[in-house]
Amino acid sequence: MTVKAILEQKGHDVLTLGPNEKLSEAIRILAEHRIGALVITNGDRKIVGILSERDIVRVVAREGGAALDIAVRSAMTPKVKICNENHTVNEVMEIMTRGRFRHLPVEKDGLLDGIVSIGDVVKRRIEDVEREAEEIRAYIATA
């Protein structure tokens, strides 16, 4: 199973924000859409960072309430791990586990093409395991 299959099921839509927007706007979007991360782009879907709830907690712990007025670029993670549509579910799980993050932008031709979350990956992996178990049961029943 690949990232392409996940995106075909969930879609390619990704909420993004520019790096010069205020952190308060990022927080509003995250809360309104009940999501855990925003991909930061420079307007042409070129990925320049990612802003997660963890990033926000770190900057608020450091800056207090004043953090709400800082630019997203000061809080985001600028070195973004990415994947492409050909990555397998297992490869994506390994990238996320090794990096200790829950959201992985998908890039195609150098531009943002989607995003996969740990929830997407776990859901797909459970579906695979259930399908494999059913195939084994069917094989045993016909043997």
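Ala, Val, Leu, Ile, Met, Phe, Trp, Tyr, Cys and Pro count here as nonpolar, Asp, Glu, Lys and Arg as charged, and the others, Gly among them, as polar. The model is predicted, so local features need pLDDT of at least 70 and side-chain atom pairs count only at pLDDT 80 or more, while totals for chains, interfaces and linings use all residues. Residues are numbered from 1 along each chain as its sequence is written, and side-chain values use heavy atoms, with hydrogens and water left out.

A pocket is an open set of points on a 1 Å grid over the protein atoms alone, where a 1.4 Å probe fits, with protein on both sides within 12 Å along at least five of seven lines; lining residues have an atom within 4 Å of a point. A volume is the space filled by probe spheres set on the points.

| Pocket | Volume | Lining |
|---|---|---|
| Largest | about 330 Å³ | 5 nonpolar, 5 polar, 8 charged |

Closest to the centre of the largest pocket are Ile50, Ser52, Thr77, Arg100 and Phe101. Helix H3 (53-63) gives the largest share of that lining, 4 residues. In the second largest pocket, the largest share is 3 residues, from strand E5 (residues 111-117). Helices (H or I, at least four residues) and strands (E, at least two) are DSSP runs, numbered from the N terminus.

Most residues other than glycine have a negative phi. Arginine 34 has a positive phi of about 55°, and arginine 45 has one of about 70°. Arginine 34 lies in the loop between helix H2 (23-33) and strand E2 (37-41). Its relative accessibility is 78%, so arginine 34 counts as exposed (over 50%, with a 1.4 Å probe and protein chains only). Arginine 45, in the loop between E2 and strand E3 (47-52), counts as partly exposed because its value is 34% (between 20% and 50%).
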